[in-house]
Amino acid sequence: MTATDFTSLRDRSERALARCGTENHSSDATSGKTLTSRSPIDGSELATIAASDAAGVDAAVSAAHGVFLRWRTVPAPVRGAVVRRLGQLLVEHKNDLAELVTLEAGKIESEALGEVQEMIDICEFAVGLSRQLYGRTMASERPGHRLMETWHPLGVVGVVSAFNFPVAVWSWNTAIALVCGDTVVWKPSETTPLTAIACDALLRRAARDVGAPEDIHRLVQGGADVGETLVDEPRVALLSATGSVPMGRAVAPRVAARFGRCLLELGGNNAAVVTPSADLDLAVRGIAFSAAGTAGQRCTSLRRIIVHSSIVDELTSRITSAYSQLRVGNPFDDGVLVGPLVNEAAYTAMQSALERARAEGGTVECGGERVGDTGWYVTPAVVRMPGQTSVVRDETFAPILYVLTYEDLDVAIEIHNSVPQGLSSAIFTLDQREAERFLAADGSDCGITNVNIGTSGAEIGGAFGGEKETGGGRESGSDAWKAYMRRATNTVNYSDRLPLAQGVEFT
């Protein structure tokens with residue numbers, strides 16, 4: 001691309017920001033530090049913005065905590081009004097925000113639009129939830145007593161998000177936290193600061209439009225030092241962090257040391273079992289999107305397929321054929337299905353993993369080549385492996401799909417579960433017994449288990465998250481809202497006597 005093209009990308013980001021209601025790149029920063037936003041499309045600079053420091057984090061948390069003391073007493077359906085208005089603004093600015101996602105994260109247009117749609121969906125879900133924060137009533141063993149539980153706002157929620165879903169994961173946490181009566185301090189990825197500025201501007205406008213305090217949400221930008229300050233801040237009641245397993249290992253004990261709560265969404269080494277009864281046309285489509293979509297940079301990206309030996313040659317051939325038809329390039333170009341890796345480090349990690357795979361007896365069937373000399377574009381790779389070697393057990397955030405074989409379904413499940421991560425999983429089969437076996441308690445050990453669809457593309461209605469080194473957190477739908485509230489067990493004595501539980505006498 002030419003220098004003119006670089007300017008065009010910068011202009012596009014500035015115009016999209018302006019349409020979202022902000023031309024201010026300062027966020028809540030007074031430190032004098034800066035961040036540079038670069039587009040993975042071509043490596044060009046989009047903007048330089050002011051970054052926060054420890055004092056900035058302290059000011060943001062102080063403001064959010066002060067507002068929380070009032071916000072928690074606002075009835076939940078009234079709190080839902082700000083989320084409803086945010087959802088309306090997201091509909092109005094869907095294309096603007098999606099454009100920023102493509103510019104900063106490199107997603108193709110349909111995936112960027114899909115990510116913003118996910119934000120709209122979670123706003124709708126959260127508004128409904130604002131009238132359904134149910135407790136329960138239990139039978140008391142004491143006559144004249146009522147036993148029940150109630151749910152109350154928790155406090156300030158700190159959100160640390162990653163580059164690959166720069167807006168959706170923030171919305172999962174923020175929409176739910178706000179209707180639960182919490183306030184939010186958000187530290188986005190330092191590689192996607194402009195999408196964060198746009199989201200913050202839209203939420204501030206939503207708050208103004210419905211008369212809610214603007215400080216229900218504060219944005220802090222910066223590197224690891226800003227995140228660490230948020231991790232150690234005692235007024236942050238819940239820290240929701242999305243990132244790598246090493247990040248989670250560092251964060252969890254520090255939050256626990258101050259008796260805070262953690263919601264961790266960490267790595268995934270996701271696999272699909274493909275059985276002899278599988279609809280291979282369906283399987284190839286599901287595998288190709290899950291493995292190559294977003295250039296393999298989803299936490300739910302498919303990284304392993306465990307295929308019955310009787311069909312492994314045919315399925316591998318079909319996948320490599322499908323990959324040969326995937327157009328790799330500028331995500332703004334029509335027909336492109338695979339955009340860039342986020343940076344050079346991601347490309348280097350991919351090449352290193354392919355070298356390790358070859359050294360461990362693997363055969364690269366296709367892919368792994370760099371496309372062009374501007375940006376970090378690669379062809380998705382398919383690698384036949386002799387077994388689940390060390391490289392297969394590691395998550396590489398790039399489009400590498402390892403092919404393993406099995407003879408018996410129990411062995412396939414054992415191979416599937418033998419990695420440290422436990423986020424998303426799938427089985428392709430037309431045999432109900434095989435499907436139910438995979439979904440059973442001794443089947444897949446992941447937080448997400450699918451039948452005849454790939455591992456990526458979760459809907460907001462279900463709780464999202466995983467087990468083992470994935471961290472155990474749950475976000476988005478179902479009853480994930482409970483992580484953002486505190487539970488109180490209440491006993492009401494409406495009699496004129498005072499019987500004690502368990503028949504204790506104290507007279």
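**Helices and sheet**

Modeller: Helix H8 (residues 224-232) packs against H9 at an angle of about 35 degrees, and their axes are 8 Å apart. This is a predicted model: local features need pLDDT of at least 70, side-chain atom pairs count only at pLDDT 80 or more, and totals for chains, interfaces and linings use all residues. Residues are numbered from 1 along each chain as its sequence is written, and side-chain values use heavy atoms, with hydrogens and water left out.

Axes are lines fitted to C-alpha atoms, for helices over the stretch in contact; angles run from 0 to 180 degrees between N-to-C directions. Helices (H or I, at least four residues) and strands (E, at least two) are DSSP runs, numbered from the N terminus.

From H8, Glu-228, Val-231 and Asp-232 meet Val-251, Arg-254 and Val-255 of H9; contact means heavy atoms within 4.5 Å. The residues of this contact divide into three nonpolar, no polar and three charged. Here Ala, Val, Leu, Ile, Met, Phe, Trp, Tyr, Cys and Pro count as nonpolar, Asp, Glu, Lys and Arg as charged, and the others, Gly among them, as polar.

H9 (residues 245-257) also lies across strand E8 (236-242) and E9, at about 170 degrees to E9.

Now the sheet. Five strands form an open sheet in the order E7-E6-E5-E8-E9, with parallel pairing. Strands E7 (217-219) and E9 (261-265) stand at the edges with a single partner strand each, so one side of each has no neighbour in the sheet. On average, neighbouring strands are turned by 15 degrees against each other, direction ignored.

Strands E5 (residues 156-160) and E6 (residues 183-187) pair in the parallel sense over five bridges. Two strands pair if DSSP finds at least two bridges between them. Val-157 has Val-184 in E6 as its bridge partner. Helix H7 (residues 193-210) lies across E6 and E7, at about 155 degrees to E7.

E6 also holds Thr-183. Thr-183 counts as buried because its relative accessibility is 0%; buried means under 20% relative accessible area, exposed over 50%, partly exposed in between (1.4 Å probe, protein chains only). A polar atom of the Thr-183 side chain lies 2.9 Å from the backbone oxygen of Ala-64. Leaving out residues up to four places away in sequence, Thr-183 touches residues including His-65, Trp-71, Val-157 and Asp-215.

Conventions:
A polar contact is a pair of N or O atoms within 3.5 Å; within protein, one must be able to donate a hydrogen and the other to accept it, and residues adjacent in sequence count only if both atoms are side-chain atoms.
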